Amino acid sequence: RGRLATPARATSFARTRTGQPTRGANCSYIEFRCNDGTALPEGQRIWVLRAQVRRLEAYRAKVGAPIRIVSGCRCKRHNKAVGGATSSQHLFGSASDIQGLVTVAARKQMKLFAGLGFQRSTGKVVHVDSRDVSGHNLSKGSPAGPTTWQYAT
């Protein structure tokens, strides 16, 4: 309150009023909100990087299916509670845990994301990130040569 709305914020509010997505053609800000369940400002803040949303939109176009975002931004408290890495890309708004739709090999060919985490049991990618533009790229991953890892489940 009391602050002037930015063009992006004004557009977001206008799109919300008409029932349209607010962050991208198919994404809404709310999908990237920290899932810690608190009413504290840190838990309600959304700081997703524009590059991450653009890459998710490009991914959606390539697979021809909706993308369900399971986890986006995380505050430090929630990241710790879920066992996230201390330098998790979720802390910087550059990561999304998603429904696993394609394999690592297929995702690498798309050259969209700099970090790919996949489930060992299915081989499907369930984490994508844009660490190359987050300012926190300790592994030096890039869309052409993404950092990959597997989750035990």
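The side chain of Ser94 makes a polar contact with the side chain of Gln89, at 2.7 Å. A polar contact here is a pair of N or O atoms within 3.5 Å; within protein, one must be able to donate a hydrogen and the other to accept it, and residues adjacent in sequence count only if both atoms are side-chain atoms.

Before I go on: this is a predicted model, where local features need pLDDT of at least 70, side-chain atom pairs count only at pLDDT 80 or more, and totals for chains, interfaces and linings use all residues. Residues are numbered from 1 along each chain as its sequence is written, and side-chain values use heavy atoms, with hydrogens and water left out.

Back to Ser94, which is found in the loop between α4 (76-81) and β2 (95-98). Helices (H or I, at least four residues) and strands (E, at least two) are DSSP runs, numbered from the N terminus. Ser94 has a relative accessible area of 0%, so it is buried. Buried means under 20% relative accessible area, exposed over 50%, and partly exposed in between, with a 1.4 Å probe and protein chains only. Leaving aside neighbours within four places in sequence, Ser94 is in contact (heavy atoms within 4.5 Å) with several residues, including Leu49, Gln52 and Asp129.

Gln52 takes us to helix α3, where it is buried, as are Val53, Arg55, Leu56, Glu57 and Tyr59. What do the buried residues of α3 pack against? They pack against β1 (69-71), β2, α5 and β4 (125-129). Just after α3, Gly64 takes a positive phi of about 70°.

Now the rings. Rings of Phe, Tyr and Trp (its six-membered ring) pair if their centres lie within 6.5 Å; planes under 30 degrees apart count as stacked, over 60 as edge-to-face and the rest as tilted. By this rule there are two aromatic pairs. Tyr59 and Phe113 have ring centres 6.4 Å apart and planes at 75°, so they are edge-to-face. Tyr59 is in α3 (residues 50-63) and Phe113 in the loop between α5 (104-110) and β3 (115-119), 54 residues apart. Both Tyr59 and Phe113 are buried.

For Trp149 and Tyr151, the centres are 6.3 Å apart and the planes at 80°, so this pair is edge-to-face too. Trp149 counts as partly exposed at 25% relative accessibility, and Tyr151 likewise at 31%.
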